[in-house]
Amino acid sequence: MNYPNSRLRRLRYNPNIRNLMEDVDLKASDLIYPIFICEGENIKEEIESLSGQYRYSIDNLLILTKELISLNIKSILLFGVSNNKDDSGNIACSHKSIIPKAVKKIKEKYNNEILVIADLCNCSYTSHGHCGTLIDGDVDNDSTIETLCKQGVILAESGVDIIAPSDMMDGRTLEIRKELDKNGFHKIPIFPYSVKYASSFYGPFRGAVSNSLDEGNRKTHQMSFKNSSEYLREIEQDINEGCDAVIIKPALSYLDIISKVKDRFSIPIIGYCVSGVYSMVKSASRENLIDEVDVTMEILFSIKRAGATAIITYSAIEIAKKLNKK
Ligand code: PBG
């Protein structure tokens, strides 16, 4: 049906009808806030490469968590910042490691008021910055999985709600699942980064946890953005291995992938709005070229519209404030 019978603007003439027609929703409770945790006390230190984001010591993390809950942000994703490093990341497989300590404290204080997701990778804990154990200069798949499984069980024992492996090793979802089950943690979901591209959008993040590589790159495990179908096999494998939801990262620039996963699989999707996107918006708004919150809102809506159920975003606090105001 064409003009003049059809006039699409009829549904746009007043705010109430526009609201009535809108079918994509974004709530504060859809947002997952990534937080960087460091050793020490009373630390809230701005991250140079990620302005507006901080490294928190555990005491300050507890204060921050209270604020998040009051804003109706109900999920956090924890990253460890550690000076204790070794060849394999084995050093993180201990209750004395920063994230298990943080999880324990948060859960003691807030229990189920906040959902605690732990990023599971070795890259914050290896001296070379790679995601696992190096053999002949490459991240060895199976020995890396062993460390991940150990770290996963420690995180579960510390009380984490969800484990999010971000390493991209083949078969890690299955092995972590088996190890969790064997230790009595069959109730803990695994949300792997199933689709994770080797992306330059991660640049600012690497300054935050200091996992920049002395040598090499992550292209033998992260995916090539020039490949249009590999994601299908990654998602299929993780579903077969027993994952509970999938993380797609980056989300922006990969909305096509989110949308296709949504169409083809019945699994919840979490989009990760990564550090490079956050930083681009921040810089452009500092130059008064765009409005930070408005542009971020538009990006987050695009991720939801593409099919994501929830979004990991560094802008969670500002966005929740705006959403709560309406
Ligand atoms: C590491 C990890 C990375 C990010 C999340 N987990 C970096 C990487 O793979 O190099 C990037 C997140 C961001 O850029 O916001 N396992």
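How far does a polar side-chain atom of S275 lie from an oxygen atom of the ligand? Select S275 and the ligand: the distance is 2.7 Å, inside the limit for a polar contact (a pair of N or O atoms within 3.5 Å). The protein covers 100% of the 400 Å² of accessible area that the ligand has on its own (Shrake-Rupley method, 1.4 Å probe).

This is a predicted model, in which local features need pLDDT of at least 70 and side-chain atom pairs pLDDT 80 or more, while totals for chains, interfaces and linings use all residues. Residues are numbered from 1 along each chain as its sequence is written, and side-chain values use heavy atoms, without hydrogens and water.

Next, select R206. An N or O atom in the side chain of R206 is 2.5 Å from an oxygen atom of the ligand. At K249, a side-chain N or O atom is 3.1 Å from a nitrogen atom of the ligand.

Now show the shell around the ligand. Its residues comprise nine nonpolar, three polar and five charged (Asp, Glu, Lys and Arg count as charged; Ala, Val, Leu, Ile, Met, Phe, Trp, Tyr, Cys and Pro as nonpolar; the others as polar).

Finally, turn to the aromatic rings. The structure holds nine aromatic pairs (ring centres of Phe, Tyr or Trp within 6.5 Å). Select Y197 and Y254: their ring centres are 4.3 Å apart and their planes at 15°, so the pair is stacked (planes under 30 degrees apart). Y197 lies in the loop between strand 9 (193–196) and helix 6 (203–209), and Y254 in the loop between strand 10 (246–249) and helix 8 (255–264), so the pair ties together parts 57 residues apart in sequence (helices are DSSP runs of H or I, at least four residues; strands are runs of E, at least two).

How values were computed. A polar contact is a pair of N or O atoms within 3.5 Å; within protein, one must be able to donate a hydrogen and the other to accept it, and residues adjacent in sequence count only if both atoms are side-chain atoms. Rings of Phe, Tyr and Trp (its six-membered ring) pair if their centres lie within 6.5 Å; planes under 30 degrees apart count as stacked, over 60 as edge-to-face and the rest as tilted.
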